[in-house]
Amino acid sequence: MDEIFVTFFNNDFSNNKLKKMIMKKMTPAVMRSFAIAFALFTTTGPAMAQSNPSLTDPEVAHVAVVANQIDIGYADIAIKKSKDGEVVKFAETMKRDHTAVIEQAAALAKKLGVTPKDNAVSQKLLADADKTKKSLNGKSGKAFNKAYIDNEVAYHKAVIGAVEGLLIPETDNAELKQLLQNVVPALKAHLGHAEMVQKNYK
Amino acid sequence: MSRSYFFRSLLLIAVLAIGFISCAPTELDNSEEKGAGVPQQQEYTIEIKQMKFIPAEITVHKGDKITFVNHDLVTHDITDDPGKTWTSSALPADESWSMTVTQSSNYYCTLHPTMKGKISVE
Ligand SMILES: [Cu+2]
């Protein structure tokens, strides 16, 4: 674990239960990605006085949309590269479901008159996703399938932790909160599905 | 006169008796027919909510109708497990699909294989 990660968990998060939950659920690499993103945000964001990362609703909406787009990006690579029917079927479900979530989020944002706002958390997530995509694109065959599905397991664990532990508590608007809550069971089903596929690559 | 009265009474008793005997079994026959011969179709609803079939297990009679309603925001399907002998095909959000039950079966969602359900015919 590198220094910024440790710093994040020691200083920036006051909620012990959340800390434990995220520690338990995330694998180090993805955990680091989210941790750095949140740490970055708190040191550059407007709410430094508060001990928890603070996001406005337009920023929460943006993080949610970006997190979904990232998984669609991974799915597109898998649909193009994988020859394992189970992996492709999983990737198609990721693309279909995460697209549906984005459509719901966009419809809600429009209804509420909210414009999703770019922020340090979404930027960091995108930057890390670019690295992961490069790495996936450099692999093929069984190595690719394993790398893709391992990343899907880790990514869904991290996103579930972030949605439950950060985005939902940070959201003020009741409808946006409800949408995020509605997405959690789908994320958990995706995680279960990913773990099923992952068993073939142990 | 008394003789004819006697026979008429006998006839009346006989008619009443036959009527009584034939009435009771007829009613029994009717109720048996309802159970087996011409079954009355019952209708059931299984809701798909939060990535679950609710209820996940249901017991019905052959010929009953089950309607699946997708309340989630993602597309699901309902497919015989493991044989895939029947399927709803893709069932988008807010849509429903009905089937008439012919036999017991386990089913799942091929899009989200952790979602499972069971229909028992009794
Ligand atoms: Cu499904």
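Lys146(A) and Asp150(A) pair up in a salt bridge, with their closest N and O atoms 2.8 Å apart; the term means a side-chain nitrogen of Lys or Arg within 4 Å of a carboxyl oxygen of Asp or Glu. Both residues sit in helix α7 (residues 141-170) of chain A, four residues apart, about one turn of the helix. This is a predicted model, where local features need pLDDT of at least 70 and side-chain atom pairs count only at pLDDT 80 or more, while totals for chains, interfaces and linings use all residues. Residues are numbered from 1 along each chain as its sequence is written, and side-chain values use heavy atoms, leaving out hydrogens and water.

**Salt bridges**
- Over all chains, the structure holds nine salt bridges.
- Glu59(A) and Lys117(A) meet in another one (3.9 Å, N to O).
- That pair links distant parts of the chain, 58 residues apart: Glu59(A) is in helix α4 (residues 57-81), and Lys117(A) is in the loop between α5 (85-112) and α6 (120-137).
- Glu59(A) is buried at 9% relative accessible area, where buried means under 20%, exposed over 50% and partly exposed in between (1.4 Å probe, protein chains only).
- Lys117(A) is partly exposed, at 45%.

**Where the chains meet**
- 10 residues of chain B are in contact (heavy atoms within 4.5 Å) with 16 residues of chain A.

Technical notes: Chains lettered and ligands numbered in written order. Helix = DSSP H or I, 4+ residues; strand = E, 2+ residues; numbered from the N terminus.
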